[in-house]
Amino acid sequence: MQNLIVGICIVLGLLVGMSVQAQSENWVQTDLGEGVSIKYPQIPSKREMDGGITLFRFKTADSLAVLTVLIRDLSNLGINAEQLSAAAETSEFWDQVQSSSLQALSNSKLLKAERIQVNDQPALALDLEFSRDGKVNVMSQLIFVKGIKSYTVNFNSLEQKGDPAVKEVYFASLKF
């Protein structure tokens with residue numbers, strides 16, 4: 001009986017894996033500028049905002065996750081790309097980025113913070129928990145700089161029900 005249950009679990013796992021792979025092959029590659037791109041399940045909306053901010057946003061068909069990229073042009077800070085790149089090599093820079101992320105999402109709780117390398121570039125991976133409309137959401141963020149811009153890639157799991165496989169495909173599709 002145990003072998004049957006294990007066999008069924010393995011088959012289900014393979015089917016889910018193949019389904020996610022088939023899904024990701026149909027995803028739309030989106031150019032974010034500066035040689036950065038990411039894939040979305042469909043074409044995301046794009047919104048230009050004041051202060052050199054661009055937002056790409058997509059809500060999944062099941063309405064359980066929101067996938068966004070927030071791009072900030074930092075040239076108005078009086079620094080250049082070389083200075084920004086040098087700053088990104090310091091712990092102080094990433095401590096400030098983490099603090100800003102927590103402040104931007106009021107009443108959030110930090111679940112995970114990890115400095116990582118993505119394509120040989122320093123990045124910060126955060127998981128934040130926050131309440132909205134009485135429901136608990138978890139947002140996973142990947143923050144990095146490229147050129148004179150900062151990029152914040154978000155997967156917001158609404159009510160903690162967003163598909164982790166979609167999250168994995170979304171973050172894995174990031175190229176720069």
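Asp120 is exposed, because its relative accessibility is 72%, where exposed means over 50% relative accessible area, buried under 20%, and partly exposed in between, with a 1.4 Å probe and protein chains only. I begin with this residue, and then move to the fold, the pocket and the aromatic rings.

First, the basis of the values. This is a predicted model, in which local features need pLDDT of at least 70 and side-chain atom pairs count only at pLDDT 80 or more, while totals for chains, interfaces and linings use all residues. Residues are numbered from 1 along each chain as its sequence is written, and side-chain values use heavy atoms, with hydrogens and water left out.

To return to Asp120: this residue sits in the loop between strand 6 (109-118) and strand 7. Its phi is positive, at about 65°, although Asp120 is not a glycine. Asp133 is another non-glycine residue with a positive phi, here of about 55°. The loop that holds Asp133 is the one between strand 7 and strand 8. Is Asp133 buried or exposed? Asp133 counts as exposed because its relative accessible area is 73%.

I now turn to the chain as a whole. The chain has 4 helices and 9 strands; helices (H or I, at least four residues) and strands (E, at least two) are DSSP runs, numbered from the N terminus. Read from the N terminus, the order of elements is α-β-β-β-β-β-α-α-β-β-β-β-α. The chain has 176 residues, and 38% of them count as buried. Among contacts (heavy atoms within 4.5 Å) with a separation of 6 or more, 45% come from residues 24 or more positions apart. The chain exposes about 10300 Å², of which carbon and sulfur atoms supply 51%; accessible areas come from the Shrake-Rupley method with a 1.4 Å probe, and for residues only the protein chains shown count as cover.

Next, the pocket. Rolling a probe the size of a water molecule over the atoms shows where empty space is left. On a 1 Å grid over the protein atoms alone, a pocket is an open set of points with protein on both sides within 12 Å along at least five of seven lines, whereas a cavity is a set of points where a 1.4 Å probe fits but cannot get out. The largest pocket has a volume of about 820 Å³, a volume being the space filled by probe spheres set on the points, which are joined across faces, edges and corners. How many residues line the largest pocket? There are 32 lining residues, each with an atom within 4 Å of a point. Leu70, Arg72, Ala104, Gln141 and Thr152 lie nearest the centre of the largest pocket. Two or more lining residues come from each of strand 4 (53-59), strand 5 (65-73), helix 2 (81-87), helix 3 (91-104), strand 7 (121-132), strand 8 (135-146) and strand 9 (149-157). Helix 3 contributes the most, with 7 residues. By type, the lining consists of 19 nonpolar, 9 polar and 4 charged residues. Here Ala, Val, Leu, Ile, Met, Phe, Trp, Tyr, Cys and Pro count as nonpolar, Asp, Glu, Lys and Arg as charged, and the others, Gly among them, as polar.

I come to the aromatic rings. The structure contains 6 aromatic pairs; rings of Phe, Tyr and Trp (its six-membered ring) pair if their centres lie within 6.5 Å, and planes under 30 degrees apart count as stacked, over 60 as edge-to-face and the rest as tilted. Phe93 and Trp94 make an edge-to-face pair, with 4.9 Å centre to centre and 90° between the planes. Phe93 is buried, at 17% relative accessibility, and Trp94 is buried at 1%. Phe144 and Tyr151 are stacked, with 5.1 Å centre to centre and 5° between the planes. Phe144 is buried at 0% relative accessibility, and Tyr151 is buried with a relative accessible area of 0%. Ring pairs also join Tyr40, Phe58, Tyr170 and Phe171 into a cluster.

Val169 belongs to helix 4 and is buried, with a relative accessible area of 17%. Val169 and Tyr40 are 129 residues apart in sequence, and their C-alpha atoms are 9.1 Å apart in space. Ser173 follows in the segment after helix 4 (164-172), and counts as buried because its relative accessibility is 10%. Leaving out residues up to four places away in sequence, Ser173 touches Ser37, Ile38 and Lys39. Thr30, in strand 1 (residues 28-33), is buried with a relative accessible area of 9%. With residues up to four places away in sequence not counted, Thr30 touches Val36, Ser37, Ile38, Tyr40, Pro44 and Phe56.
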